[in-house]
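Reader: Could we go through this one together, slowly? I'd like to know what to look at before I start turning it around on the screen.

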Amino acid sequence: MLEQMGAAAKAASYKLALLSSREKNRVLEKIAEYLEAQSHEILLANEQDLLEARRNGLSEAMLDRLALNPARLKSIADDVRQVCSLADPVGQVIDGGLLDSGLRIERRRVPLGVIGVIYEARPNVTVDVASLCLKTGNAAILRGGKETWRTNAATVKVIQQALEECGLPAGAVQAIESPDRALVNEMLRMDKYIDMLIPRGGAGLHKLCREQSTIPVITGGIGVCHIFVDDTAEIEPALKIIVNAKTQRPSTCNTVETLLVHQRIADRFLPALSQQMAQSGVTLHADPNALTQLKDGPAKVEAVKAEQYDDEFLSLDLNVKVVADLDDAIAHIRAHGTQHSDAILTRTLNNANRFVNEVDSSAVYVNASTRFTDGGQFGLGAEVAVSTQKLHARGPMGLEALTTYKWIGFGDDTIRA
């Protein structure tokens with residue numbers, strides 16, 4: 001089955017690579033139109049997935065990731081329209097010039113070919129990946145989690161209808177609907193057909209892909225994100241940022257998981273934090289120094305476990321640790337961070353600059369919420385993933401991250417001396 005899907009995707013990629021921006025946008029507009037026109041079928045499939053997920057005991061965080069509603073589906077369709085409005089990177093000349101040999105050389109952006117994406121309970125990823133791949137002339141093979149197979153199947157059916165109406169092969173966007181995990185292992189070795197693999201899920205999935213894939217893998221999306229409150233931060237603005245970073249949508253990878261507080265302001269800041277977290281329904285997991293300040297406050301608090309510094313809660317839970325200074329905060333982030341998104345709250349330019357220069361994450365913030373690490377928020381349109389590695393792409397991956405380049409030489413019967 002996968003062999004046939006791979007061959008169909010590769011054949012489709014050759015056709016997609018030749019499309020003009022106008023032709024690609026026409027397909028995307030049709031997809032957005034069909035997503036809204038056939039929303040009933042997609043939402044019905046999603047309801048069935050949610051029912052089964054609840055029976056299987058899926059966590060509230062995962063249920064939130066899985067759930068669609070009319071507003072979320074409209075937002076997904078609008079994201080597709082937003083991709084239409086973005087500049088098409090394919091065909092752009094990155095650089096070049098005339099060489100001494102008389103050869104005129106240029107480096108031009110081209111599609112990667114076929115993108116494989118493995119993801120869990122995130123039905124919006126199906127449309128995000130499809131729209132970005134189509135805009136950049138790439139075909140896509142998608143393998144969503146078993147929790148979303150009905151939703152993904154209904155969504156891909158709509159996308160394929162739009163493709164065929166525009167005279168393009170349905171093989172341009174395909175989904176592996178079977179929940180058989182053996183198919184994931186088979187997919188990881190489809191280097192004959194798939195040019196880049198993107199896993200979007202937990203640490204176990206990323207480890208599997210890094211160790212078993214014969215295809216280049218883009219890893220990321222695991223966000224043990226930090227906020228450091230230094231001794232010059234103003235309490236009220238800092239609390240507003242922390243509430244946003246923790247509660248705006250707790251199940252996302254750019255949600256803050258650990259709060260580091262400078263020891264000089266701990267006795268003033270932590271009681272105010274407890275009050276605010278109680279109002280927000282957040283449970284605090286505190287180190288011994290923080291626990292002393294928090295135990296009598298209104299927020300629910302318990303002693304932090306060492307392993308919690310290295311994991312995503314994806315829920316209304318927050319680690320709190322008192323640190324000696326900026327060096328201590330940076331050392332903690334280096335030891336426990338995932339190079340996703342980290343922030344400093346400060347009124348000192350020197351501390352801000354040091355944090356930006358010394359914290360090696362894909363997104364670093366000064367006096368801002370970590371929740372901004374998102375393709376739409378960065379002006380990239382829908383994103384295919386957030387990469388936390390350093391080669392090829394880093395941070396939110398938009399259109400350019402789904403292209404490579406080729407060297408083109410123009411001669412006039414030119415030969416090498």
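**Backbone angles and helix faces**

Author: Let us start with His-392, which counts as partly exposed because its relative accessibility is 47%. Please keep in mind as we go that this is a predicted model.

Reader: Okay, and where is His-392 found?

Author: His-392 is found in the loop between strand S14 and strand S15, the latter covering residues 395-396. Its phi is positive, about 75°, although His-392 is not a glycine.

Reader: Why bring up glycine there?

Author: Because most residues other than glycine have a negative phi.

Reader: What about Asn-367, what is its phi?

Author: Asn-367 also is not a glycine, and its phi is positive at about 55°. Asn-367 lies in the loop that runs between strand S13 (363-366) and strand S14 (386-387), and with 32% relative accessibility it counts as partly exposed.

Reader: Switching to helices: how many residues has H1, and how far does it reach?

Author: Helix H1 takes in residues 2-16, which is 15 residues, and from its first C-alpha to its last it reaches 20 Å, close to the 21 Å expected at 1.5 Å a residue.

Reader: Which residues of H1 are buried?

Author: The buried ones are Leu-2, Met-5, Gly-6, Ala-9, Lys-10, Ala-12, Ser-13 and Leu-16. They cover an arc of only 165° around the axis, so they sit on the same side of H1. On the other side of H1, Gln-4, Tyr-14 and Lys-15 are exposed.

Reader: And what covers the buried residues of H1?

Author: The cover includes strands S3 (114-119), S4 (139-143) and S5 (173-175), together with helices H6 (123-135) and H8 (182-187).

Reader: Which residues are buried in H9?

Author: In helix H9, residues 203-212, the buried residues are Leu-205, His-206 and Cys-209. Their arc around the axis is only 100°, which means that they lie on the same side of H9. The face turned away from that buried side carries Ala-203, Gly-204 and Glu-211, which are exposed, while the cover over the buried residues of H9 includes S3 and strand S6 (196-200).

Reader: Last topic, the surface: which residues form a nonpolar patch there?

Author: That patch is formed by Ile-94, Tyr-405 and Trp-407, which together have about 320 Å² of accessible area.

Reader: Is Trp-407 buried or exposed?

Author: Trp-407 is exposed, because its relative accessible area is 54% and exposed means over 50%. Trp-407 is found in strand S16, residues 403-410.

Methods. Residues numbered from 1 in each chain as written. Predicted model: local features only at pLDDT ≥ 70, side-chain atom pairs only at ≥ 80, totals over all residues. Heavy atoms only, no water. Patch = residues over 30% accessible without salt bridge, like charges linked within 9 Å, V, L, I, M, F, W, Y side chains within 5 Å. Areas by Shrake-Rupley, 256 points an atom, 1.4 Å probe, with all protein chains shown as cover. Salt bridge = Lys/Arg side-chain N within 4 Å of Asp/Glu carboxyl O. Helix = DSSP H or I, 4+ residues; strand = E, 2+ residues; numbered from the N terminus. Buried < 20%, exposed > 50% of the residue type's maximum accessible area, 1.4 Å probe, protein only. Expected span 1.5 Å × (residues − 1). Arc of directions from axis to C-beta. Contact = heavy atoms within 4.5 Å.
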